[in-house]
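Biologist: Could you walk me through this model slowly, as I am new to reading structures?
Modeller: Gladly, let us look at it together.

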Amino acid sequence: VDDLRELYQQVILDHYKQPRNSGEIENANRHADGNNPLCGDKLHLTASVSDGKIEDIKFQASGCAISTASASLMSEAVKGKTVSEALALGEQFRGVVTGGTPELHDMGKLEVFAGVRDYPVRVKCAVLPWHTLRAALTQIEEEVTTE
Amino acid sequence: MNAVSLREQFPILRSGLAYLDSASSTQKPLRVIEREASFYKEQYANVHRGVYKLSQTATDAYEGVRRQTAAFINAKSEREIVFTKGTTEAINLVASTFGRQRVGAGDEVLITEMEHHSNIVPWQMLCEEKGAKLVVAAIDDDGVLLLDKFASLITAKTKLIAVSYASNVLGTINPIREIVQMANGIPVLVDAAQAVAHERVDVQALGCDFFAFSSHKMYGPTGVGVLHGKLEHLESMPPYQGGGDMIRTVSFEKTQYNEVPFKFEAGTPNIAGVVGFGEAISFTQEALRSSGENALTQLTIDKLKAIPGLQIIGNAEHRSPVVSFVMDGVHPHDIGTILDINGVAIRAGHHCAEPLMHRLNVPATARVSLGVYNDESDIDKLLKALHKVREVFG
């Protein structure tokens, strides 16, 4: 049961049951869809970026507790950050959940996902929102059409 | 043999793991593991080639399993048995040989909503290539094939019908004999991957044209599958792959193909796997005589139904020991992880049946599936672990 609580921490359960920034931004200039075919996690992410800064971000998730909570906590963490800050945080997050980064570098609430590293099949769930965010933020053609 | 002694034959289960994912792949009894090992230690050589005695010994063992397989499913002749890598390859073999011969532009291939990807995608590829149409027969909300609708979809355009014997998600067992009668001469392929470990099979009684299954879902090694085809079809089909063993004579101008079934077995086959599979056939035949699978399936369903907020997906009357379910407010993947932490292995996901998940309006399901080694203690562990799920998720 300790293993269980290590993985499913209260913060994760809270963000799963009540995801923050849930929904879709109507005039978003960044968007991407994420899909984890193994378990059927699906994510639709929209964001408003101006002057290199993430002004707003929303997502619609249909997935497990880990992926939904990860999307919710990610949206809180990157809102107001610059694109490059968000991408760097994504790299750091990936390091933590895959076990590549042994120590946590003051990642705030995101640290609750450290327990995922003991469950290799669930790592994909935790990083899906971050993959989707990176796809949304780096899509060149979208930037070209941005007004 | 009772369930205890059956279970003791599976070394991997000594850890106490409640293994409830046999529909994905069954565990292997010691006798299968040892048969494959003893074959390598004492009888191994390539088959159909050597002039020496050992090669003949290996060939005898390999061909002996072909006869055994024919008897297992009551095929008319062992020449109707083609060894493949698995069910998937068997279906692909039919799609790319027989399918290409029979299906043309404007024709139709009929399947059902409950098919596994391996009985959808090969037909989809064939239809794309030929300009034919893949027609999908509907199921009802209990996961039972709507036979009247199915019958109405069989037309002059239908050139091939492909159905699963048992659904890997719903547990539904389809009435193959009735379907073959409805087909009225249109070739029927049966994906029997989920049936052979549970049902007694008689391909002559079923009357189907092709019958495909895998060794690894019936206590045998991975990498071995069987395609049974009516001899007249196999004779008229072109080869699937070219190479060694499938030829009679080769020149740079023209190759004469070997006779059936060797025409379809190019290259060195999974010889030791096939030999191990022979042992798995014997095991399955013996185990099923004493297995309490059906009673345990019913017990599992009854106990699951008593859990608040749990819904069973698939309520066919005639079913295999496969039970899918969903729980309010908990994603199947989280159920799977919490069960795993509590020593219970189940499958969670779309089970290689994404279109079926859409039809059922669920992103995924949790699935419990039984083998002859399971007993009530496994179901007790499952229930306890599901209570943990409720504790965590409320």
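**Salt bridges and the interface**

Modeller: The structure holds 23 salt bridges over all chains, where a salt bridge is a side-chain nitrogen of Lys or Arg within 4 Å of a carboxyl oxygen of Asp or Glu.

Biologist: Before we go on, what sort of model is this, and how are things numbered?

Modeller: This is a predicted model, in which local features need pLDDT of at least 70 and side-chain atom pairs count only at pLDDT 80 or more, while totals for chains, interfaces and linings use all residues. Residues are numbered from 1 along each chain as its sequence is written, chains are lettered from A and ligands numbered from 1 in the order in which they are written, and side-chain values use heavy atoms, with hydrogens and water left out.

Biologist: OK, and how many salt bridges are there between chain B and chain A?

Modeller: The count there is one salt bridge, and B:D334 forms a salt bridge with A:R122, with the closest N and O atoms 2.8 Å apart.

Biologist: Which elements of chain B give two or more residues to the side that touches chain A?

Modeller: They are helix 12 (332-341), strand 14 (347-349) and helix 14 (376-393) of chain B, where helices (H or I, at least four residues) and strands (E, at least two) are DSSP runs numbered from the N terminus. Helix 12 of chain B gives the most, with five residues.

Biologist: How many residues are in contact?

Modeller: On chain B, 20 residues are in contact with 24 residues of chain A, contact meaning heavy atoms within 4.5 Å.

Biologist: And what area do the two chains bury?

Modeller: Chain B and chain A bury about 1600 Å² between them, with 61% of it on carbon and sulfur atoms; buried area is the accessible area (1.4 Å probe) that two parts lose on being put together, summed over both. In chain B, the residues B:H333, B:I341 and B:V392 lose the most area to chain A, together 34% of what that side buries.

Biologist: Switching topic, which helices and strands does chain A have?

Modeller: Chain A has six helices and three strands, and from the N terminus on its elements run α-α-β-β-β-α-α-α-α. Along its principal axes, the C-alpha trace of chain A spans about 50 × 30 × 25 Å.

Biologist: Last one, what confidence does the predictor give the complex?

Modeller: The complex gets an ipTM of 0.87 and a pTM of 0.93. Chain B averages a pLDDT of 95, and 99% of the residues score at least 70, pLDDT being the predictor's confidence in each residue, from 0 to 100.
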